[in-house]
Amino acid sequence: MEKGQKKTSKLLRLASGLLGLLIACSVLFSGLFLYAEMDHECEEEHCPICEIMAQCEKVLSGMKEVCCHSGLSVIGLSVLFAIITLSVWVQVRPTPVSRKIQLNN
């Protein structure tokens with residue numbers, strides 16, 4: 001691997017880690033905001049807190065769908081990995097050479 005590719009790989013890992021951290025923080029703070037402002041004094045028609053709470057609910061409901069899809073993909077990848085592992089295990093049979101047995105005449 002070249003030096004430029006290593007640098008790009010590190011930057012991508014850093015960017016994906018930061019993005020994951022931002023998503024986790026947005027979900028956490030959305031939930032905390034909803035909990036903190038559950039019993040606020042509403043001004044009925046143009047309440048800015050109710051508008052923010054609606055946005056927080058959208059974030060949390062969107063994450064529910066993402067978690068469902070990612071959970072299904074993890075299950076699918078696990079099944080695929082198990083199938084590949086089993087097929088390799090079945091195809092590779094021990095031979096005298098693979099067991100390092102010395103054949104003397």
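Guide: Gladly! Let us begin with a definition: a residue is buried under 20% relative accessible area, exposed over 50%, and partly exposed in between. Please keep in mind that this is a predicted model.

Visitor: Why is glycine 62 called partly exposed?

Guide: Glycine 62 has a relative accessible area of 25%. That value falls between the cut-offs of 20% and 50%, so glycine 62 is partly exposed.

Visitor: What makes serine 30 buried?

Guide: Its relative accessible area is 7%. Buried means under 20%, so serine 30 counts as buried. Serine 30 belongs to helix α1. Setting aside residues up to four places away in sequence, serine 30 touches Cys56, Val59 and Leu60.

Visitor: How do you know whether cysteine 56 is buried or exposed?

Guide: We use the cut-off again: cysteine 56 has 8% relative accessibility, and the limit for buried is under 20%. Cysteine 56 is therefore buried. In the chain as a whole, 6% of the 105 residues count as buried.

Visitor: Why is histidine 40 called buried?

Guide: Here the value is 19%. Since buried means under 20%, histidine 40 is buried. Histidine 40 is in the loop between α1 (3-36) and α2 (48-91). Leaving out neighbours within four places in sequence, its contacts are Cys47, Ile49, Cys50 and Met53.

Visitor: What does the side chain of histidine 40 reach?

Guide: The side chain of histidine 40 comes to 3.0 Å from the backbone oxygen of glutamate 37. A polar contact needs N or O atoms within 3.5 Å, and the distance here is 3.0 Å.

Visitor: How many disulfides are found in the whole structure?

Guide: The search finds zero disulfides. Take cysteine 42: the nearest cysteine sulfur, that of cysteine 50, is 3.4 Å away. A disulfide requires two cysteine sulfur atoms within 2.5 Å, so cysteine 42 is in no disulfide. Cysteine 42 has a relative accessible area of 35% and is therefore partly exposed.

Visitor: What makes leucine 14 exposed?

Guide: Leucine 14 has a relative accessible area of 51%. Exposed means over 50%, so leucine 14 is exposed. Leucine 14 is part of helix α1, and together with Leu11, Leu18 and Leu21 it makes a nonpolar surface patch of about 400 Å².

Visitor: And what is the secondary structure of the chain?

Guide: The chain has two helices and zero strands. Its accessible surface comes to about 9600 Å², with 67% belonging to carbon and sulfur atoms.

How values were computed:
Residues numbered from 1 in each chain as written. Predicted model: local features only at pLDDT ≥ 70, side-chain atom pairs only at ≥ 80, totals over all residues. Heavy atoms only, no water. Helix = DSSP H or I, 4+ residues; strand = E, 2+ residues; numbered from the N terminus. Buried < 20%, exposed > 50% of the residue type's maximum accessible area, 1.4 Å probe, protein only. Areas by Shrake-Rupley, 256 points an atom, 1.4 Å probe, with all protein chains shown as cover. Polar contact = N/O pair within 3.5 Å; in protein donor to acceptor, adjacent residues only side chain to side chain. Contact = heavy atoms within 4.5 Å. Patch = residues over 30% accessible without salt bridge, like charges linked within 9 Å, V, L, I, M, F, W, Y side chains within 5 Å. Salt bridge = Lys/Arg side-chain N within 4 Å of Asp/Glu carboxyl O.
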